[in-house]
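I opened the model to look up a few helices and the packing around them. My notes follow in the order I made them.

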Amino acid sequence: MAPPDHPITKGQAWFCTTGLPSDIIIEVEDMAFHLHKFPLMSKSRKLHDMITEQETNIANTSKIQKRDNIGDGDVEIEEEEEEEEENEEDQQCCISLPDFPGGSETFETAAKFCYGVKIDLSASNVAPLRCAGEYLEMTEEYSEDNLISKTERFLSQTVLKSIKDSIKTLNSCKNILLLAETLGIVQRCIDAVAVRASTADPSLFGWPVNDGAVEANNARRIGANRGGGMDSWFEELGHLSLPLFKRLISAMKGRDLSSDVIESCLMYYAKKYIPGISRSTRKASSSLIPSENEQRELLETIITNLPEETSSKTSTTTRILFGLLRTANILNASEASRAALERKIGSQLEQATLDDLLIPSFSYLNETLYDVACMERILGYFLNGLEERSTARIQGEEENISVRSAALMLVGKLIDGYLSEIASDNNLLPENFCELAVALPDQARLFDDGLYRAVDVYLKAHPWISEAERERICGVMDCQKLTLEACTHAAQNERLPLRAVVQVLFFEQLQLRQAIAGTLMVADVAPGEIPRLLDGGEGGEEEETAGVVGVARAQEGSSTWRKTVRENQVLRLDMDSMRTRVQELERECSTMKKAIQKIDKVGKHDSGEGGGWRKKLGCKFKTQVCDSHEPTVVEARKGRGHRHLIINRAK
């Protein structure tokens, strides 16, 4: 029989136009296929047996009806035989295949194959057609070059040699899973992906987790040049169902696949189906968003399979990890999953940004805006990891120490910024602020300016706290590590307690003295004498020589020398001005003390507390603070925003 020209679909009916009337109807799902017996029976043993059986049943039924009619003698025999022959010709076989693998679309392709039409095999239809061939028993023994052998060749020679095609075929098995499992299609595709991914270039698999379109396009172009279509590897992976995805990840881990590739697969899959992973895209990339329970199961699967250590720790992967943590809090994932995620984030905290650290608090027990306790745990994991790496003796120790120091200082800057952000929260307790501020070691901060800013914000947002708590808050910063700009601001900051201001002024003055002493030593040495001092000339002590050597090495060229001299002159003027001001304040304090002593003698006849003369004079301080025999600090405000400190020294 000649192959059909063009099949015609009318409603839910499919007609094969070969010029001959169809003699069999096959129903698959809600579609009725009007076909011919001979081409189907020539390729499919199952259809041959079913059609033969139905024809036999029809013939037996006709014989029974004929015998009954003869017995009755109601009509003539010849007329009845003619009518029965006409009925047999008009009657068509009707076969129903309700559980056909792949549905009506796959059966249509299989029917075309039976008619001799050339079919186009692809990674998406080869698995359903292989199952259809098995269902219809289209074996090589029954008919040469049959559907089973044709699909098997395509699987082994084309599909299983490509990661992309293997995942496509694996995805097409989700609706025919039982039969595909029996035929080994699922496992063969999984093994092919795992084997070929393990031998591919790991650099090709890093791009899908990038959020930037430019980076993704560049990586796609690189992947196309190197791997021949590897750019869509992750896109096909995202179409897999969760059970098949689990099996694929398990097979990858069993093959000792690169942890970077596995992590990229997990993150891409999570971004596709879980909304809110990335703050830049609030919606999942897939239109089919799972339910809350399915999202929780998916999230815990992702977290469980995340590798503990990866070689590439980037800000993008860290951002996605923080997104997973926020989602885990929203979905109320298990404690074990959240702890594992926090530990993973702690191992690469130096790659985070301040925006990543701002994890909202979703617990009704926590009144703060952000989850400070979670941040403390993550910081603890980071510090524990640094300690473990520092105790391990490995080659290149100096380089590793420098890397650890850089990571520690990056995290120190992050924590200072985080403290400044959360300090304005009215519900943040002083002890929580202090615990997080002092959690980092001293070497994490080169200067404490960022910490001072956080302290200032906290004191401004919490004006009701006691003086003891204010001093405790200020105690987290080291005044010796404040820059001159920060010291100048702190000296005029009315929110700081008096003790903190005194410490700031003391260390500021100490820094000025040290700077002046160093520059004076350099200024007293003529430029021509520096070489002689560098060679260990006469009259120079060892410490002075070392100081001159350090300064001489740091200052190269005449322009640098002149700049240092100018700075020295400015510092001298500042010190003279400060010294003059202190002397003036001491004289004023002494005059005020004498006046107070005279008034005290007159005030003995007044009230016992002496409140009357204080009100007249407008004095707001106690008499004892001006005792010249005790080092004290008196605070007197002169206008809004100015503070003058009177330092009394014992004479």
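I began with helix H4, residues 103-114, and counted 12 residues in this helix. H4 reaches 17 Å from its first C-alpha to its last, close to the 16 Å expected at 1.5 Å a residue. I note here that the model is predicted.

Next I looked up burial in H4. Gly 103, Ser 104, Thr 106 and Phe 107 are buried, and so are Ala 110, Ala 111, Phe 113 and Cys 114. I then asked what covers the buried residues of H4. The cover includes two strands, E3 (24-28) and E4 (31-35). It also includes the helices H1 (37-43), H5 (126-136) and H6 (147-157). Just after H4 I found Gly 116, which takes a positive phi of about 90°.

I moved on to the largest nonpolar core, which has 140 residues. The residues with the most contacts inside this core are Ile 26, Trp 233, Leu 349 and Phe 433.

My last entry is on a helix pair, H21 (residues 449-461) and H23 (residues 484-491). Their axes come within 10 Å and cross at roughly 20°. Angles under 35 degrees count as roughly parallel, so H21 and H23 are roughly parallel to each other. The contact is made on the H21 side by Asp 449, Tyr 452 and Asp 456. On the H23 side I listed Ala 486, His 489 and Ala 490. I recorded the crossing of H21 and H23 as left-handed.

Methods:
Residues numbered from 1 in each chain as written. Predicted model: local features only at pLDDT ≥ 70, side-chain atom pairs only at ≥ 80, totals over all residues. Heavy atoms only, no water. Helix = DSSP H or I, 4+ residues; strand = E, 2+ residues; numbered from the N terminus. Expected span 1.5 Å × (residues − 1). Buried < 20%, exposed > 50% of the residue type's maximum accessible area, 1.4 Å probe, protein only. Contact = heavy atoms within 4.5 Å. Core = buried A, V, L, I, M, F, W, Y, C linked by side-chain atoms within 4.5 Å. Axes fitted to C-alpha atoms, helices over the stretch in contact; angles between N-to-C directions. Parallel < 35°, antiparallel > 145°, perpendicular 65-115°, else oblique. Left-handed = near helix turned anticlockwise from the far one by under 90°.
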